[in-house]
Structure formats: C-alpha cells, structure tokens
Amino acid sequence: MMLGLDTRPAQAWGSVRLVPLVRDEPVPYLRLHRKVYGEPVSVVDTGDGAVYVSFVPHAFVATWSDGDQTPAASYGTRLLERDTKAPPPRMPVRFTRRMARKAGKDRLRFLPLHLALEGYLALHFGGPEIAWEEWSRRTVAQGLSPRCEEAYLGRDVRGIEDALRIFEIHPGQCGVLVYVGDTLACAFAVPHPDDYRALHPTLVEDLFGELIYLHGLLGMPAGDLSAPIDDTEIRSLDDLRTAAELRQAEWAEFHDEVMAGRLFDEDGSRQVVQYLHGFELTRFLPSFALRRENHIGETITDADGRIAYLKTFRLSEAQVRRGYLLKRLAEHDWRLGATAAALGADKAGLALRLERAGFGYLLRQDVLDHYRAQAKR
C-alpha cells in the first residue's frame with residue numbers, strides 16, 4: 001500500500017480497529033521526537049499576514065543525520081519544565097513562526113497534522129479575483145476570512161483511548177491505521193520503531209472529524225474480517241505455518257486494496273513545504289469528489305519516495321462539500337452563472353447550496369435574499 005511499510009493483522013476493540021504498519025528496517029538518517037507545549041492554544045503566523053489559531057498539544061521535531069551511519073537513540077517524550085510561578089488567570093497563548101521551521105541545522109519543528117489542516121483552510125482563501133456583482137464587499141476585500149473548521153480530540157472519540165492502551169505493538173511496528181466503525185479515521189507512520197513506541201500515545205491528542213466522532217458514539221462493533229483456516233488440510237506444523245502466512249498475505253492485500261484503497265487520491269494535489277537533507281515534508285489535498293472518502297495529510301519522503309512519516313485526517317461529508325464548492329468556483333473564476341451551469345443547477349440553487357455549506361456570508365445580503373425568494377416561488 002505504502003512504499004516501505006507492510007500491513008499486519010488487525011486488532012479490534014469494540015468499534016475501533018487498529019491495523020499495524022511495520023518496516024523490514026528503519027528509514028535511515030531520520031528520527032522523530034515529541035515536544036510538548038505547556039500552553040493549550042497556539043497562534044501561528046503563516047507568513048502572509050494571516051494567522052492560524054488552534055489547540056496544539058505538541059509538535060514533532062524531525063532530526064536527521066548526514067549519512068555517517070552513527071547509531072541514534074530515540075529521544076522519546078520530552079516534557080517542558082513546570083513553571084514555578086502561579087499561572088495567570090487567563091488562557092495562555094503560544095505564538096509560533098510558521099507551521100514548519102528549522103530548529104537548528106539538523107532539526108525541523110512542525111505541528112503534526114496542522115500543516116494539512118492549514119492547506120485545507122487556505123483552499124482558495126483569497127476569494128474572487130474579480131469583483132463580480134454577487135459577492136459581498138467584505139468577500140472581495142478579505143476573501144474567506146475568517147475560515148474555521150471543527151474537530152475532536154482522539155480521547156473524545158469513544159474507544160480510541162482504551163484501544164491504544166490495550167493493543168499490542170508489533171515488533172518493527174512503525175505506524176498504524178485507525179478505523180472506527182470500520183471507517184478509516186487516520187493513518188500514522190514514523191521512521192523508526194522506537195519513535196513509534198514513544199509517539200503511540202499521542203494519537204489520543206490527534207484531531208478526528210465529525211464522522212469518526214459519531215461512529216464512536218454509535219459504538220457499532222468492528223466487523224469480523226478474519227478468514228478461518230481449513231483444519232482438514234493441516235497435517236503438520238509446516239502446513240499450519242504455510243496456511244497462516246497465506247491468510248496474512250490475503251488480509252494485507254484485501255486491506256490495502258479495499259479498506260485503505262482511497263487513502264491517497266491520485267487526482268488530488270500536493271505541496272512541498274520543507275526540504276530536510278534529502279527528505280521532503282509535503283502536505284496533500286484530495287480531489288474533493290462527492291460521496292466518497294477524502295483524506296488530507298502530510299508526509300516526509302526520502303529520495304526514493306519511501307514514506308518516512310505520515311499523518312492523515314478524514315474529512316467529513318460537510319467538509320468535502322465545502323472543498324468541492326470552493327474548487328468548482330475557482331475553476332470558473334468565481335462566476336456564479338458558469339459554476340451553476342457546470343453543476344447542472346441555476347444560480348439560485350447554487351447560492352442556497354453555498355449558504356447551506358456555511359458560505360452564505362460570501363454573497364451580498366440582497367442577492368442572497370433574492371435567490372431565497374426565487375427558490376420559494
């Protein structure tokens with residue numbers, strides 16, 4: 001499924017299924033460790049006059065070597081020293097320069113998953129390039145500001161915290177795919193097994209979409225996907241070993257092609273954010289195809305295209321619709337008439353569709369009221 005990572009048998013706990021990802025050998029010259037922030041809220045200067053505000057429990061620090069094959073130990077989890085002063089009577093805020101920035105000649109600090117979320121929130125953020133008459137003055141002047149989305153912490157999704165605590169970590173495991181109600185919630189991979197053991201608990205602090213949260217509330221048990229071994233064909237331990245290896249290979253093929261077959265979208269887009277001595281930190285967006293799963297995410301890949309780091313986020317149906325509408329508007333220069341024709345609708349229908357998607361503020365109030373009245377007639 002992913003270059004450099006192999007799928008192993010899943011473990012299920014209630015509605016949560018974890019599918020381990022293992023490596024034959026660690027990715028050389030790159031390590032990840034966690035930097036914990038004491039402040040619950042971060043304000044990130046994106047460098048273009050805008051800021052990104054989010055709850056950021058931790059950042060990842062990527063450390064790489066110059067290829068001298070020197071053994072490197074895992075940093076593990078590093079906690080900030082406790083402040084001896086009494087905390088102020090307000091919520092503290094951390095200001096950070098950019099989502100990903102060099103923290104030394106051989107280190108890069110980046111906020112996990114927030115690179116991908118920033119890419120989604122910045123989708124056509126500038127708004128119309130031509131002041132068509134339907135758009136509000138605020139839209140033409142400020143674009144899609146402010147732009148916000150909601151997400152849930154992993155510990156708020158029922159079953160994830162228990163599953164992460166109970167499940168066994170496989171030898172050589174460097175990643176995991178998390179399913180809730182047999183819906184792919186996220187993928188996570190790191191360069192080294194020691195990094196994964198240190199960062200495995202951080203999944204409860206990751207962000208999950210509304211769909212995953214609702215599936216956790218429903219608590220539907222994960223389906224039984226096991227394939228039994230026909231004991232009538234087993235005559236020896238070698239036969240049993242061969243049958244077990246066959247079932248494992250069949251499971252990996254089914255998982256990679258069916259269950260996780262749409263994790264990466266060939267019609268989506270990708271953007272390189274930073275270079276790390278032969279590695280690339282990249283974020284990707286899907287094609288926003290309707291009525292199918294869409295994932296945003298970020299990767300670190302080596303010169304051979306092997307995935308050293310991966311973190312993804314499953315968009316909800318509402319988020320997919322918003323991305324789809326913005327993409328279609330941008331394709332037609334933000335002209336309502338042309339976009340509506342391409343979607344097989346009229347301008348009134350498109351205007352109301354924008355309103356239902358949360359973009360009603362982009363249109364002039366009198367124009368939106370006119371389209372509402374037209375739809376009622």
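The expected span of a helix is 1.5 Å times one less than its number of residues. In this predicted model, helix α9 (residues 347-359) falls short of that span.

**Helix α9**

- Helix α9 has 13 residues, and a straight helix of that length would reach 18 Å at 1.5 Å a residue. Its end C-alpha atoms are only 15 Å apart.
- Buried residues of α9 are Ala348, Leu350, Ala351, Leu352, Leu354, Ala357 and Phe359.
- These buried residues pack against three helices: α7 (317-331), α8 (336-342) and α10 (365-376).

**Nonpolar cores**

- The largest nonpolar core holds 35 residues. Trp135, Ile296, Leu336 and Leu354 touch the most other members.
- At least two residues of this core come from each of α1 (114-121), α7, α8, α9 and α10.
- Leucine 336 has contacts with Glu134, Trp135, Leu329, Lys347, Leu350, Leu354, Leu363 and Tyr371. That list leaves out residues up to four places away in sequence.
- Another core, of 30 residues, lies apart from the largest one. Among its members are Val16, Val178, Val180 and Leu203.

**Aromatic pairs and charges over rings**

- The structure holds 6 aromatic pairs.
- One of them joins tyrosine 120 and phenylalanine 288. The pair is tilted, with 6.0 Å centre to centre and 35° between the planes.
- Tyrosine 120 lies in helix α1, and phenylalanine 288 lies in the loop between β17 and β18 (295-301), so the pair ties together parts that are 168 residues apart in sequence.
- Tyrosine 120 is buried at a relative accessible area of 1%. Phenylalanine 288 is also buried, at 3%.
- Phenylalanine 188 and tyrosine 196 form another tilted pair, at 6.1 Å centre to centre and 40° between the planes. Both residues are buried.
- Arginine 147 lies over the face of tyrosine 120, 5.1 Å from the ring centre.
- Lysine 311 places its charged end over the ring of phenylalanine 188, 4.0 Å from the centre.

- Strand β16 (residues 269-276) pairs with strand β17 (residues 279-285) in the antiparallel sense, over 7 bridges.
- Tyrosine 275 has glutamate 280 in β17 as its bridge partner.
- The two strands form a hairpin with 2 residues between them. In the turn, histidine 277 has a positive phi of about 50°.

Notes:
Residues numbered from 1 in each chain as written. Predicted model: local features only at pLDDT ≥ 70, side-chain atom pairs only at ≥ 80, totals over all residues. Heavy atoms only, no water. Pairing = 2+ DSSP bridges. Helix = DSSP H or I, 4+ residues; strand = E, 2+ residues; numbered from the N terminus. Buried < 20%, exposed > 50% of the residue type's maximum accessible area, 1.4 Å probe, protein only. Contact = heavy atoms within 4.5 Å. Core = buried A, V, L, I, M, F, W, Y, C linked by side-chain atoms within 4.5 Å. Phe/Tyr/Trp six-rings, centres within 6.5 Å; stacked < 30°, edge-to-face > 60°. Lys NZ or Arg CZ within 6 Å of the ring centre and 35° of its normal.
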